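Here is a short tour for you to follow with the coordinates open. Take a look at the entry below, and then we can walk through it together.

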Amino acid sequence: MTPAERDLRDAALEATEGAGALERRLERTWRTREGFWGALSTVDHKIIGRRYIVTAFAFLALGGVLAMLMRLQLARPESRFLSADLYNQIFTIHGANMMFLFAVPVAEAMAVYLVPLLVGTRNIAFPRLGAFSYWVYLFGGIMLWVAFILQTGPDVGWFAYVPLSGPQYASGKRADVWAQMITFTEISALAVAVEIVVTVLKQRAPGMSLDRIPIVVWAMLVMAFMIILAMPAVVTGSSVLIMDRLVGTHFFNPAEGGDVLLWQHLFWFFGHPEVYIIFLPSVGMLSTMLPSFVRRPIFGYLALVMSIMAIGVLAFGLWVHHMFTTGLPRLGESFFTASSMAIAVPAGTQIFCWIATIWLGRPVFRVPFLFILAFFFTFVLGGMTGVMVASVPLDTQLHDTYFVVAHFHYVLVGGAVFPLLGAIYYWFPKITGRMMSERIGRWVVGLLFLGFNFTFFPMHILGLQGMPRRIYAYPPELGWGGMNLFVSLCSIALAAGFLLFFVDAVRSARKGPPAGDNPWDASTLEWATTSPPPPYNFARIPVVTSAAPLWDERAALPVASGLSVNRRELLITTMGTATPEVRETSPQNSIWPFWAALATSVMLVWSIFSPWALVWASIPVAITLIGWFWPRGTPEDDA
Amino acid sequence: MSAFLLRCVLPLLLLAGCSGWQSALDPRADAAQELHGLFWLFTITCGIVWAVVMLVLAGALLRRPAAARPEEERGRAERRSGRVVGGAVAATVLVIAGLTLASFFATRGISADHPEALVVRLRGFQWWWEVTYDDPSPNWVFITANELHLPLGRPVRLELAAADVIHSFWVPNLAGKQDMIPGRDNVLAFTPTQAGTYRAQCAEFCGLQHAHMALQVVVETPEEFGRWRATQVAAAAAPESAEEVAGRAVLEGKACAACHTVRGTAAAGTLGPDLTHVGGRRNIAAGMLPTTRGAMAAWIADPQTIKPGNNMPMVPLSADELQAVSAYLVRLR
């Protein structure tokens, strides 16, 4: 037996090979190769997660530019700064970009980066699928923006209601670009969701039983299940839409027995859970950050986890509240009013638990905590207006007005983006090894908080004064001009806040003060390794004995040993109690996910122009998949 | 004193009236009144809840707990917090249940269908409204566009449909919105309680000129309404001056007649708004321009600059023809 073939375990390695041997060997096994091809073929969840986060924030910035263009247009009545055609593209792409290219992907991105570290494993499950997912997402986003630059941007709203998006009223390829952009995002989201579910359920560190899982991981798990259950509806919808447009089916054509409301049901059956897909990860991140800043464990762990699950379930029972003005049967209206209102109960429970946590703890006012406070002010207000739009009769006045624009920006920016930015400040030291600036961070919070509220609060009043959404111009005699000008001016502060955030992030990534392993003295496992973590995450797999392992095992964290160091191996544990079950190999780096994503992208873009793309482009897709799964001749029982 | 009132208060009143003619906060019909009450019930309740939550949060941030407390006391505080959180959740359930019931009863209060109601059919087009007044007697049925007249105090039943894409009919001063969906029929019922002119606007994104799809609602006394209806039922006024006669010839001879109807002339197209009494309407082009001779000429001369993308093409006319046809149209009261 040559030394290379020896069954190398991490248990007694240092005794035979000397100090540092474990890290050296793990590094060699898990590292990403240097150079261009190495970068394309990596399957390290941290590198993919980092790319995902940076890309999502790049799309956030682009979407923000569109928002500023819209505010410029609406600053005065009957403005001719943007044409109707351009404005309609801009608001459509702003919405589609923020929902499909920023909000959902950034939640997945945080999950891809954080979940394996939080549960104490060496890589995410099915990491090649993660690489594939990232490339598909990137190509889909590029397609949308290239289409926009070429004046083929979708102009039918991010919800693309038929018949306006159907073959008769949306000529050209704009609506097809929208439909396929959806397909891109769905494929990538489904891929990540599967990875998260398996990682959380089967790869947790030994001892991390269900009641010791950090709340952010619970939230990511529920999000992943929601993606798996909700996305198929919109994939069906967008595929059927493109069939109506491309091959002449009549699913949505009432003249041929189709139904236009069918589209709305399919879209919102996805679209409403989507809101919670965006919101829940932020809830989770908030719940996991909060203990670090009040110096005590979270209050009401069980209630919080149950609330997250309850929201995950209820989210599927209230899609119709986007359709309250379509003329529904009375019984249906009452049911969906009640179910929409009911979601306030788990949401309220969460708020009360967080406030109790702060009440019982001793707050430390650092930037992530300030973001949490901004979240409370803004999100609770958005929740209140949410109760208002959940009422069918009231919604008939509020629906499709600026009141709703204000409402959902309060819940999405206040509820999801503020905690997300707090999370960036919080985990930035783990990701880069450097701290972001506390001084600039306070300015960022202040500008965003004030800028946001002054920009969006007046929109409630505009909506009540009769201003509908999605209008590129309004007549001066309606008296909306003054408030719109005020809103546009305040949006500059909001934009400045985001700009400052980007400046701080870019500057700190290079020049920030070194962070150390655990700068916040936090309690969860990701802080048990170096910042940034090595390619193998943990030299030895931690063993969890409580819900706050780093606080309860301050002297030394117990670890498990027995994994091979010259082959990528993970520890698989049971779902309930996280008892070790088996050692499992984890895939090597591979360029094939990149080629597969490229082939898939060619197929989807081509299918905008010809249905035959699905036939001919399936050949390269098949070839790349064969390459991806080609057996390497490693014996099964090697693992 | 009265001069002072006139100078200071009147402009304010005018301003309020002005900003209020497309506002949910200024209800002028039973349905909007009901919703207005519901709105304030929700707003005040939610406002109080929000304020209480913020106060408790502020309290949590400002209190200074003892640095080190015995284990036993900490356990007590924890249990007390548990009870408070439980109570707060229970209170949430009660508030939510109360608001759900309130909105249920509001719906019941609004949608009572009245057998005596005036029935008007509204059809949304990209980007204008067709208005059809139904009547058991065919002599009293007529079609107009972009302006809806309603008698004060009489229940009205609006039957909503769409000709092309989804639109949504919303006149906030009178009632909540209701979508107009191809292949479906929706109904909106209410009773106007105050005379006045209100503005309705399409609330569902319907394409390029969604922003410019407005409709005027005129609520007037039953007598005024009766007079208006008698005018509308009649065929178009005969041209008087030589210019108006020439104008009618242009309308009938050029492309205008392919899309527009003017009852009593050869123009009988159905793709565009009925123009039989267009001169009597307050606006043209679905709320874009006032009905003056100049605006009419500008609109006919170049509809694509005024409302880009709308379905009315530019029909080449000589200066004299343009003069004549706009003079004729504004006379069609």
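Axes are lines fitted to C-alpha atoms, and the angle between two of them runs from 0 to 180 degrees between N-to-C directions. That convention will be handy in a moment. Please keep in mind that this is a predicted model.

## Chain B as a whole

Let's begin with the overall picture. Chain B contains 9 helices and 12 strands. Its C-alpha atoms occupy a box of roughly 100 × 55 × 45 Å along the principal axes. The radius of gyration of chain B is 28 Å, whereas a compact globule of 333 residues would have one near 20 Å.

Buried residues make up 40% of the 333 in chain B. Among the contacts in chain B with a separation of 6 or more, 66% join residues 24 or more positions apart.

Within chain B you will find an open sheet of 3 strands, in the order β4-β10-β9 and with mixed pairing. Its edge strands are β4 (147-151) and β9 (196-201) of chain B, each of which pairs on one side only. On average, and ignoring direction, neighbouring strands of this sheet are turned by 25° against each other.

Strand β10 (residues 214-220) of chain B pairs with β9(B) in the antiparallel sense, over 6 bridges. Helix α4 (residues 222-233) of chain B lies across β4 and β10 of chain B, and α4 runs at about 135° to β4(B).

## Where the chains meet

Which chain puts 62 residues into the contact, and which puts in 65? Chain B supplies 62 residues and chain A supplies 65. On the side of chain B that touches chain A, at least two residues come from each of α1 (2-19), α2 (30-62), α3 (71-110) and β7 (178-180). The most come from α3(B), which gives 16 residues. By class, this side of chain B has 38 nonpolar, 18 polar and 6 charged residues.

## A helix pair in chain A

Finally, turn to chain A. Helix α5 (residues 84-119) and helix α9 (residues 260-294) of chain A have axes that come within 10 Å and cross at roughly 35°. The crossing of α5(A) and α9(A) is left-handed.

On the α5(A) side, the contact is made by A:M99, A:A103, A:V104, A:A107, A:M110 and A:A111. Facing them from α9(A) are A:E274, A:I277, A:I278, A:P281 and A:M285. The contact of α5(A) with α9(A) has 10 nonpolar residues, no polar ones and 1 charged.

Conventions. Residues numbered from 1 in each chain as written. Chains lettered and ligands numbered in written order. Predicted model: local features only at pLDDT ≥ 70, side-chain atom pairs only at ≥ 80, totals over all residues. Pairing = 2+ DSSP bridges. Helix = DSSP H or I, 4+ residues; strand = E, 2+ residues; numbered from the N terminus. Contact = placed C-beta atoms within 7 Å. Rg over C-alpha atoms; globule rule 2.2 N^0.38 Å. Buried ≥ 20, exposed ≤ 12 C-beta atoms within 10 Å, placed from the backbone. Nonpolar A, V, L, I, M, F, W, Y, C, P; charged D, E, K, R; others polar. Left-handed = near helix turned anticlockwise from the far one by under 90°.
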